[in-house]
Amino acid sequence: MNATRISAGLSLRLSVTDRCQLRCRYCMPPEGFARCAREELLGDDELLALVSDLRAAFGLAKIRITGGEPLMRPRLENLVERLAALNPPDFALTTNGLRLAESAAALRRAGLRRVNISLDALDPAVFERVTGGRDVRAVLRGIDAAWAAGLTPVKLNTVVARGLNEDQIENLVVFALERGCELRFIELMPIGPGAALHAGGFVSSAELRARIAARFDLIPLGREAGASAERYCVTDPDGRVGTLGFISPCSAPFCADCNRLRVTADGRFLGCLAWEGGLSVREPLRRGDFPAIIQAARDVLRCKRDNADFTRHANMASVGG
Ligand code: SAM
Ligand code: SF4
C-alpha cells in the first residue's frame with residue numbers, strides 16, 4: 001500500500017442506493033440493470049458501524065455520499081445526521097438534483113456540508129436526451145435550494161459527449177459563473193453504457209479547455225494532492241470570475257495519490273471505479289468481525305494501481321461516482 005495516499009485519512013465514497021430515476025446515456029442502460037435485493041443493501045446501523053471501524057483504523061479525511069441517486073434512499077437525513085456525528089473533516093453528497101429542492105434544508109440541518117450536482121445540459125430538450133427524459137427545471141430549483149440551505153460550495157458536474165451535449169458547454173460555463181458554482185467537466189469513461197458512447201463521443205479535457213479558452217480567459221490553478229480536478233480561474237467577457245475544474249481520468253489519470261475507498265450499496269469495497277466485483281464485507285459486518293473488515297480494506301488499498309483500466313467495469317450506477 002502506498003502509505004502517503006492515506007496519511008491524512010481515507011476519502012470514503014459511500015453508495016447508499018443502487019436505485020436511480022434517471023437513465024443517463026453514459027451511466028444506465030434504458031431498461032435499467034439488475035438491482036440488489038433489499039436485504040443485500042446495507043442499513044444505517046451497518047453503514048455507521050463500517051465507517052466508525054474504518055475511521056478508527058485509518059482516519060477519515062472525507063465522506064462523500066453517492067449512488068445510484070442518493071436522495072432516493074428513504075430517510076437519508078437520518079443517516080446523514082449519524083455520519084455527521086463522526087466529524088468527517090469534509091462531508092459532501094453527489095446528486096442528480098431532482099429531489100434536492102425538497103431535501104436541501106433538512107440535509108444541511110442534519111450536518112451535510114456541501115453538494116455536487118450533475119448537470120449535463122441547460123436546454124430542456126438536450127437534458128431530456130442525455131438523462132432519458134426529465135425536466136431540467138427541477139435540477140435548477142435544486143441548485144437554488146442548495147445555495148439557500150448553505151450547502152456550499154455548490155459544485156456542478158458535467159460529462160460531455162460528442163454529438164450529445166457538446167453544444168451546451170459555453171452556456172453551462174456562463175450559468176455556473178452567474179450562480180457562483182464551480183463547474184467541473186468529467187471526461188466520459190468507457191464504463192458500462194459509457195463504453196459505446198465513448199467509442200465515438202469521447203471529448204478530452206484538453207479539447208474542452210481549448211474550446212472554452214476561445215471565449216473565456218483561463219488561468220491554471222493546478223491540482224491539489226489527492227484531488228481529482230485540475231482547476232482554472234475563469235473570467236467571462238462580462239468580467240465575471242469563477243473556477244472551473246477538469247477531471248481527466250482517461251487523458252491524465254490522477255491515480256497515484258488517490259486516497260478513495262468506495263463502498264457499494266451492497267457492502268463491497270472497491271479501490272477504484274475501474275474495478276469489477278470488489279471485496280464484500282457485508283457478512284463480516286453483519287457478524288461484527290472488525291479485524292476481517294480492516295484486513296479487507298488493507299487488501300483493497302494495497303491493490304490500488306497507478307493507472308486505471310476503465311474498460312472492465314460493469315456500471316457506475318451501482319458503484320457510485
Ligand atoms: N446520481 C448521482 C449523480 O448523477 O450525480 C450520483 C451518482 S453518479 C454515478 C456520479 C457521477 O458519475 C455523475 O456526475 C455522473 O455524471 C458521473 N458518471 C456516470 N457515468 C459516467 C461515465 N461513464 N463517465 C464519466 N462520468 C460518469
Ligand atoms: Fe442516475 Fe447519476 Fe447514473 Fe444519471 S449519472 S443515471 S443520475 S446514477
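A polar contact is taken here as a pair of N or O atoms within 3.5 Å; within protein, one of the two must be able to donate a hydrogen and the other to accept it, and residues adjacent in sequence count only if both atoms are side-chain atoms. The model is predicted, so local features need pLDDT of at least 70 and side-chain atom pairs count only at pLDDT 80 or more, while totals for chains, interfaces and linings use all residues. Residues are numbered from 1 along each chain as its sequence is written, chains are lettered from A and ligands numbered from 1 in the order in which they are written, and side-chain values use heavy atoms, with hydrogens and water left out.

In the side chain of E69, an N or O atom lies 3.1 Å from a nitrogen atom of ligand 1. The backbone takes part too: an N or O atom of G68 is 2.9 Å from a ligand 1 nitrogen, and a polar backbone atom of T95 is 3.2 Å from one of the ligand's oxygen atoms. On its own, ligand 1 has 540 Å² of accessible area, of which the protein covers 96% (Shrake-Rupley method, 1.4 Å probe).

The peptide bond from G67 to G68 is cis, with omega near 25 degrees. A further cis bond joins T152 and P153, where omega is about -5 degrees. R75, although not a glycine, has a positive phi of about 50 degrees.

Turning to helix packing, the axes of helix 2 (residues 76-84) and helix 3 (residues 100-110) come within 8 Å and cross at roughly 25 degrees (axes are lines fitted to C-alpha atoms, for helices over the stretch in contact, with angles from 0 to 180 degrees between N-to-C directions). Helices here are DSSP runs of H or I, at least four residues long, numbered from the N terminus.

Note on methods
Helix = DSSP H or I, 4+ residues; strand = E, 2+ residues; numbered from the N terminus.
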